[in-house]
Amino acid sequence: MLDIQREVLPDSYLLILAPDSTSPDEIKLSRALHRASRSNKKAVWVDCSLLEDLTPDAIDLLLAYAFHLRCQNRRLVLCHVPDQVRHHFLNLDAASQPLLVFSLLDAVHEDDYVYQYVRS
């Protein structure tokens, strides 16, 4: 379901998610998030710009790692989240919501600004 490109940046770890019809589950996402969470980077960025949707399993993984990183005073930052998934995240209580930003450029500045999507 997902193919993942990884980039280690100076202060962050970037995961770029892409559709992959050959993979039956989110094992790749789980491994990528695990590897990223073990890095010493202050943030893990997940770019969803190539996706139209995320499976419930992928959403649960992202929420679990958002919580895990928050407990370490680090952040999971989601960029270009598909609308349906964005609305799902916004319907959660504020403490459970991952940080949502419009673009990777916003993720770069997320320490200076916290861009959350405005409810439509």
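**Entry 1: ground rules**

I call a residue buried when its relative accessible area is under 20%, exposed when that area is over 50%, and partly exposed in between, using a 1.4 Å probe and protein chains only. With that in hand, I looked up Asp 3, which is partly exposed at a relative accessible area of 29%.

Before going on, I noted that this is a predicted model, where local features need pLDDT of at least 70, side-chain atom pairs count only at pLDDT 80 or more, and totals for chains, interfaces and linings use all residues. Residues are numbered from 1 along each chain as its sequence is written, and side-chain values use heavy atoms, with hydrogens and water left out.

**Entry 2: confidence**

I checked pLDDT, the predictor's confidence in each residue, from 0 to 100. The protein averages 84, and 86% of the residues score at least 70. Which elements have the lowest and the highest mean pLDDT? Helix H4 (residues 104-108) is lowest with 79, and strand S3 is highest with 94. My helices (H or I, at least four residues) and strands (E, at least two) are DSSP runs, numbered from the N terminus.

I also marked residues 112-120, where pLDDT stays under 50. For this stretch the model has 23 contacts beyond four places in sequence; a contact means heavy atoms within 4.5 Å.

**Entry 3: the sheet**

I followed the strands next, counting two as paired if DSSP finds at least two bridges between them. Five strands form an open sheet in the order S1-S2-S3-S4-S5, with mixed pairing. S1 and strand S5 (99-101) stand at the edges with a single partner strand each, so one side of each has no neighbour in the sheet. On average, neighbouring strands are turned by 25 degrees against each other, direction ignored. The axes behind such angles are lines fitted to C-alpha atoms, for helices over the stretch in contact, and angles run from 0 to 180 degrees between N-to-C directions.

At one end, S1 (residues 2-8) and S2 (residues 12-19) pair in the antiparallel sense over seven bridges. A hairpin of three residues joins S1 to S2, and Gln 5 stands opposite Ile 16 in S2. I then turned to S4 and S5, which pair in the parallel sense over three bridges. There, Val 77 stands opposite Leu 99 in S5.

**Entry 4: helices over the sheet**

Which strands does H1 lie across? I found S1, S2, strand S3 (43-47) and S4, with H1 running at about 15 degrees to S1. H2 lies across S1, S3 and S4, and runs at about 140 degrees to S4.

Is Leu 29 buried or exposed? Leu 29 counts as buried, because its relative accessibility is 0%. Leu 29 touches Leu 2, Ile 4, Leu 17, Ala 58 and Leu 61, leaving aside residues up to four places away in sequence. Leu 17 is twelve residues from Leu 29 in sequence and 8.3 Å from it in space, C-alpha to C-alpha.

**Entry 5: salt bridges**

I searched the whole structure for salt bridges (a side-chain nitrogen of Lys or Arg within 4 Å of a carboxyl oxygen of Asp or Glu). How many are there? The search finds two.

One joins Asp 3 and Lys 28, with the closest N and O atoms 3.8 Å apart. This pair links distant parts of the chain, 25 residues apart: Asp 3 in strand S1 and Lys 28 in helix H1 (residues 27-38). Lys 28 is partly exposed, with a relative accessible area of 32%.

Arg 86 and Asp 83 form a salt bridge too, at 3.3 Å from N to O. Both lie in helix H3 (residues 83-90), three residues apart, about one turn of the helix. Arg 86 is buried, with a relative accessible area of 7%.

**Entry 6: loops**

My last stop was the loops. Asn 73, between helix H2 (56-71) and strand S4 (75-79), has a positive phi of about 60 degrees although it is not a glycine. At 75% relative accessibility, Asn 73 is exposed. His 80, in the loop between S4 and H3, has a positive phi of about 55 degrees and is not a glycine either. His 80 is partly exposed at 31%.

Ser 39 sits in the loop between H1 and S3 and counts as buried at 17% relative accessibility. Ser 39 touches Tyr 13 and Arg 74, again not counting residues up to four places away in sequence.
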